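Please look through the structure shown here, and then read the notes that follow, which are grouped by topic.

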Amino acid sequence: MGGVSKIKSKNYLKTINWATFTIIVLLGVVTAAITLYDLNNTTHTTFGDEGQSRAEFRWGFLHTIISVVILLISSFLALGWKRLFPFNVPIAIILAGFCYVLFFLTFTIGWVGFLGIFGFLIAFLIGVILIVSYSVFKFLESRKTNKI
């Protein structure tokens, strides 16, 4: 009976992981698209101070650092994907947050870049909440199996 319960809980965790990941990625794509659309379709008089926020490509040392962090996390995540379950997708959510902030820092200039940082913070918090929740779940599950 314990094996069936483990399979059900594993499927339940997979469903939570992928539903959360899908929602976050879709929201990220939609907010990025809307932001770039608005930046490209408004006049400079709308912004005041001669186009403070605008769409423009830039690359610097910070972008390189974030890219290296993304590559390192991606590599370690790819190597340990199955072993990290159920923590693999929350880590991927945090990684998606890094990609989101890199996108905004690379393709926008001005205060609108804070939208990327805000999106990263949301992804980071959701990832951490999932990791803590799964840790508590695993701890309680191991205590329950040890008592039986």
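Phe 124, Leu 125, Val 128, Ile 129, Val 132, Val 136, Phe 139 and Leu 140 make up a nonpolar patch on the surface, and together they have about 720 Å² of accessible area. This is a predicted model, in which local features need pLDDT of at least 70 and side-chain atom pairs count only at pLDDT 80 or more, while totals for chains, interfaces and linings use all residues. Residues are numbered from 1 along each chain as its sequence is written, and side-chain values use heavy atoms, with hydrogens and water left out.

**Surface patch**
- Patches are made of residues with over 30% relative accessible area and no salt bridge, where like charges are joined within 9 Å and nonpolar side chains (Val, Leu, Ile, Met, Phe, Trp, Tyr) within 5 Å.
- A salt bridge here is a side-chain nitrogen of Lys or Arg within 4 Å of a carboxyl oxygen of Asp or Glu, and accessible areas come from the Shrake-Rupley method with a 1.4 Å probe, for which only the protein chains shown count as cover for residues.
- Leu 125 is placed in helix 5 (residues 113-147); helices (H or I, at least four residues) and strands (E, at least two) are DSSP runs, numbered from the N terminus.
- Because its relative accessible area is 51%, Leu 125 counts as exposed (buried means under 20%, exposed over 50%, and partly exposed in between, with a 1.4 Å probe and protein chains only).

**Aromatic rings**
- The structure holds ten aromatic pairs, where rings of Phe, Tyr and Trp (its six-membered ring) pair if their centres lie within 6.5 Å, and planes under 30 degrees apart count as stacked, over 60 as edge-to-face and the rest as tilted.
- One of them is the tilted pair of Trp 18 and Trp 81, with 6.0 Å centre to centre and 40° between the planes.
- Trp 18 lies in helix 1 (residues 2-41) and Trp 81 in the loop between helix 3 (61-79) and helix 4 (88-107), so this pair ties together parts that are 63 residues apart in sequence.
- Trp 18 is partly exposed, at 40% relative accessibility, and Trp 81 is also partly exposed, at 29%.
- Phe 57, Tyr 100, Phe 103, Phe 104 and Phe 107 form one aromatic cluster.

**Nonpolar core**
- The largest nonpolar core has eleven residues, among them Ile 66, Phe 98 and Phe 120; such a core is a set of buried Ala, Val, Leu, Ile, Met, Phe, Trp, Tyr and Cys residues joined through side-chain atoms within 4.5 Å.
- Helix 3 and helix 4 are the elements that give two or more residues to this core, and helix 4 gives the most, with seven residues.
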